[in-house]
Amino acid sequence: MDNMLRADALAAIYPHLADRVVVTIMGAVAAELYTLGHRPNFFYLEHAMGLASSMGLGIALAMPRHKVVVIDGDGSLLMNLGTLSTMARYRPGNLVHIVF
């Protein structure tokens, strides 16, 4: 079985991000997403490692009619593990959290 690279995974989901609010951390994830083509609905969270999930949760709760996708990295998520329990508590149906 071949391992899918992060860039390949982003390319696979990119067409589905057009009508969603997308929050991502800075770094390789943001660079690869930007390379695919920046869109005005993409928010690159700069200088806030670990907070993409919190920002995405806040947007999802404040804007329930909008679908929100958080694209996160494992190191970033480890810096803010408490957000997982908060996400589980509120469980917004309009939020998807992808962790590489």
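Modeller: Contact here means heavy atoms within 4.5 Å. This is a predicted model, where local features need pLDDT of at least 70, side-chain atom pairs count only at pLDDT 80 or more, and totals for chains, interfaces and linings use all residues. Residues are numbered from 1 along each chain as its sequence is written, and side-chain values use heavy atoms, with hydrogens and water left out.

Biologist: Okay, which residues does Thr83 touch, not counting those up to four places away in sequence?

Modeller: Ser53, Ser54 and Leu77.

Biologist: Why is Thr83 called buried?

Modeller: Buried means under 20% relative accessible area, exposed over 50%, partly exposed in between (1.4 Å probe, protein chains only). Thr83 has 4%, so it counts as buried.

Biologist: What makes the Thr83 side chain's pairing with the side chain of Ser53 a polar contact?

Modeller: The term takes a pair of N or O atoms within 3.5 Å; within protein, one must be able to donate a hydrogen and the other to accept it, and residues adjacent in sequence count only if both atoms are side-chain atoms. The Thr83–Ser53 pair comes in at 3.5 Å.

Biologist: Where is Thr83 found?

Modeller: In helix 5, residues 82-90. Helices (H or I, at least four residues) and strands (E, at least two) are DSSP runs, numbered from the N terminus. The protein chain has five helices and four strands.

Biologist: What makes the protein chain as compact as a globular protein of its length?

Modeller: Its radius of gyration, taken over C-alpha atoms, is set against 2.2 Å times the number of residues to the power 0.38. The chain's value is 13 Å, close to the 13 Å that the rule gives for 100 residues, so the description holds.
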